[in-house]
Structure formats: structure tokens, C-alpha cells
Amino acid sequence: MHTKNKLLLNNLRRKFIVKSINNLNQNFVEISLESSSDFTAPKPGQYLMVMCRNSEEIPLSVFKCENKKLSLLIKKVGYSTSEFFKLKIGDYVLVRGPYGNFFETLNHENILMVAGGSGLAPLYFLACERKKGNLEQDILLGFRNLNETVKLGNFNNTSCFNKVVYYTDDGSYGKKGFPTDDLLTYLKRGSYSLVVAAGPEKMLQKIFQTCLKEGIDALFSLERYIKCSLGLCGSCILEGRNKSYRVCVDGPVFSITQLKDVVDFGKFKYDETGRKINI
Ligand SMILES: Cc1cc2nc3c(=O)[nH]c(=O)nc-3n(C[C@H](O)[C@H](O)[C@H](O)COP(=O)(O)OP(=O)(O)OC[C@H]3O[C@@H](n4cnc5c(N)ncnc54)[C@H](O)[C@@H]3O)c2cc1C
Ligand code: FES
């Protein structure tokens, strides 16, 4: 298809039907969607703009993608995400995208992934795609507590990770603490050439500092307030000393080199009204 037509198609809202709902716990749901029309196949790390019923349109990473089926992993945090928990099989949602860049990891045979909460979504998709090419990965996976823990045993393709280590803040499942607590040990012990991380920005900042100190390459998936997803409104700006970025089109995936220059990484972001707030 001509690139211009492809871009236009990407920006149209398309109807996807809810095919299955996997209630993982009180705070996480996996929703599988199917479209009768063609859509651009997303790459791991890319996101969609999705709305349902009365929700606003929100950015959500692709969790799984096979043929005409897409899956989302959604954490209930506020109004719009709660609306997704009310969906029933046969309902529809409106989707545009995929948007943004993606994780480029094919040159790395063995990588360490670090995920916090809904940060699991893009990393799981990446791991499944890499496994198809016999590339390997371990994952350090953190959640607040047992009630929020998404166990990989809930999904068909658990074998996409060699090693999975769970952490909870309160020790109610897996190891007590944060995935960052053991990061250095794993980096020294393993033969990883790249760290790939997604989750809360404070966690990403710690990983960034450790990787910088150890001289290991890293990619980070960042979240900022995404309204247009087209690079137009400026709500997702990441301010750098030499260059600023729009997370919606220049990201959401950023390299360690790019983030070295970013002054508000781990410190500030903009809310829905454009006010600068502490992270
Ligand atoms: C690129 C990207 C990929 C994401 N992927 C996932 C995913 O796979 N699964 C998942 O559960 N969550 C994901 N999120 C986060 C998700 O978009 C927010 O949790 C959701 O928008 C919150 O909406 P709400 O109305 O429920 O919460 P609100 O009460 O409105 O807000 C709760 C929090 O979510 C943030 N938020 C609200 N609206 C937006 C928005 N439009 N853009 C970014 N952040 C927002 C707010 O800053 C606030 O910190 C992703 C965010 C981004 C930017
Ligand atoms: S969301 Fe509008 S510029 Fe990024």
C-alpha cells in the first residue's frame, strides 16, 4: 500500500470486537480484540489510541498480536481504564494506530527485561516476537502486591522467557522489594548486551543510572500524557538540553544516549491541563 494511504488508514478509528476477556485480578484485565478490516501490524513497543463506551481515548501498548487479533493488558487506574473493565464479549472498541517507534533488539541475542506493572505489556509482546527468532530474554517483573500481580502462567506463551523473577513491594508474592534491587547482580552475573525496561518512571530512572554506570546499553519505554498521538499538541513533550522529544511520535522508546540529554526524565511531566508536575 502507498505510504500516504497507509498513514491515513492508521489515523482512522476502526471497530474491533471484543473476542475474549481474561480477568487476571482486581486491577488487571487482558482484552482480546478482532477486526474484520485490515490494519497495519504493530511492532513491539508501539501503542494504539483506544476508546470504549464512555471512556476517553487513551494510549495502550500492544500486548499480543496474531493475524487479525490484538490483545491489550490494562491496569485499572482511573476513569477511562475502569470503563474497559465493564466491557463484555461482543462489545466493540474504537482503535487507531499503531503509533510511535518500537524496540530495536534484533542485534542482541540475550537481553534482560525489567518491567513494573502495566510495563509488562510491551515487553511481553517483544519477548514473544524475539522467541520466534530464537532470541533469548530474562525478565525481572515487579508489582505492588499479590492482588496486582500478573502471573505469566495466565498466558499461553510463557516459554518466551528463560527466567522470570517476580517482586512485590510488600513481599506478598515473589521477592520483597523492587526489580531494581537485584539489577546490578543480574547484570554482573548474566551475559546480557542490552536492558529493555518499561514501567514507572522512577524505576526507569534507577535502571538508567545503573546501566550508565555499568556501561550497558538500554532502551526505555516512557509514558507521557498523550492526547493527539500525532506530534501536534505538545502535551507529551520531553525536554532535553539540546533536543526535545514528543513521546507520541519520537518515542515511546528512547535509548540511554537520548535520555542522557533529557532534563525532566524521572523528574517532571505535564498533566492533562499542560501544568508541569513532579513525577
Ligand atoms: C505509550 C503509552 C502506552 C501505554 N500502555 C499501557 C498499557 O499497555 N496498559 C495500561 O494499563 N496502561 C498503559 N498506559 C497508561 C494508560 O494510558 C493510562 O493509565 C490511562 O490513560 C489512564 O487513564 P484513566 O482515565 O484510567 O486514568 P486517569 O485518572 O485519567 O489518570 C491516571 C494516570 O494515568 C495518566 N494518564 C491519563 N490519561 C493519559 C493519557 N491520555 N496518556 C498518558 N497517560 C495518561 C495520568 O497522567 C495519571 O497519572 C500507556 C501510556 C502510554 C503513554
Ligand atoms: S500527544 Fe500531541 S504531540 Fe504528543
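Colleague: Which residues of α3 are buried?
Modeller: In α3 the buried residues are Leu120, Ala121, Pro122, Leu123, Tyr124, Phe125, Leu126, Ala127, Cys128 and Arg130, where buried means that 20 or more other C-beta atoms, placed from the backbone, lie within 10 Å of a residue's own, exposed that 12 or fewer do, and partly exposed that the count falls in between. This is a predicted model, in which local features need pLDDT of at least 70, side-chain atom pairs count only at pLDDT 80 or more, and totals for chains, interfaces and linings use all residues. Residues are numbered from 1 along each chain as its sequence is written, while chains are lettered from A and ligands numbered from 1 in the order in which they are written.

Colleague: What makes α3 largely enclosed by the rest of the structure?
Modeller: Of the 13 residues of α3, 10 are buried, and therefore the helix is largely enclosed. A helix here is a DSSP run of H or I with at least four residues, and a strand is a run of E with at least two, both numbered from the N terminus.

Colleague: How far does α3 reach from its first C-alpha to its last?
Modeller: The 13 residues of α3 reach 19 Å, which is close to the 18 Å expected at 1.5 Å a residue, the expected span being 1.5 Å times one less than the number of residues.

Colleague: What is the largest nonpolar core, and which residues have the most contacts inside it?
Modeller: A nonpolar core is a set of buried Ala, Val, Leu, Ile, Met, Phe, Trp, Tyr and Cys residues joined through C-beta atoms within 7 Å. The largest such core has 74 residues, and those with the most contacts inside it are Leu123, Val195, Val196 and Ile207. Helix α3 (residues 120-132) gives the largest share of this core, 8 residues, and the core draws at least three residues from each of domain 1 (3-99) and domain 2 (110-278). In soluble globular proteins, nonpolar side chains tend to be buried together.

Colleague: What is Val196 in contact with?
Modeller: Two residues are in contact if their C-beta atoms, placed from the backbone, lie within 7 Å. Leaving aside neighbours within four places in sequence, Val196 is in contact with Phe103, Thr105, Ile111, Met113, Leu123, Leu126 and Leu219.

Colleague: How many residues does each domain give to the contact?
Modeller: Domain 1 (3-99) and domain 2 (110-278) are given by the domain assignment, which is automatic or taken from a database. Their centres, taken over C-alpha atoms, are separated by 21 Å, and the contact takes 19 residues from domain 1 and 20 residues from domain 2. On the side of domain 1 that touches domain 2, the elements that give two or more residues are β3 (47-52), β4, β5 (64-66) and β6.

Colleague: What surrounds ligand 1?
Modeller: A residue is near a molecule if its C-beta atom, placed from the backbone, lies within 6 Å of it. Ligand 1 is surrounded by 20 residues, the closest being Ser61, Gly78, Ser80, Thr81 and Ala121. Both domain 1 and domain 2 supply at least three residues to this shell, and β4 gives the most, with 4 residues.

Colleague: Why is Arg53 called exposed?
Modeller: Arg53 has 12 other C-beta atoms within 10 Å, so it is exposed. Arg53 lies in the loop between β3 and β4, and its phi is near 30°, a positive value in a residue other than glycine.

Colleague: Is Ser229 buried or exposed?
Modeller: Ser229 counts as buried because 24 C-beta neighbours lie inside 10 Å. Ser229 sits in the loop between β13 (217-221) and β14 (237-238), and its phi, near 70°, is also positive.

Colleague: Why is Asn110 called partly exposed?
Modeller: Asn110, in strand β8 (residues 110-116), has 14 other C-beta atoms within 10 Å, and so it is partly exposed. Leaving aside neighbours within four places in sequence, Asn110 is in contact with Glu136, Ser191, Tyr192 and Ser193. Asn110 and Ser191 are 81 residues apart in sequence, yet their C-alpha atoms are 7.0 Å apart in space.

Colleague: Where are cis peptide bonds found?
Modeller: One joins Gly97 and Pro98, with omega about 10°, and another joins Gly251 and Pro252, again with omega about 10°. Pro98 lies in strand β7 (residues 92-99), whereas Pro252 lies in the loop between α6 (247-250) and β16 (253-255). Most peptide bonds are trans.
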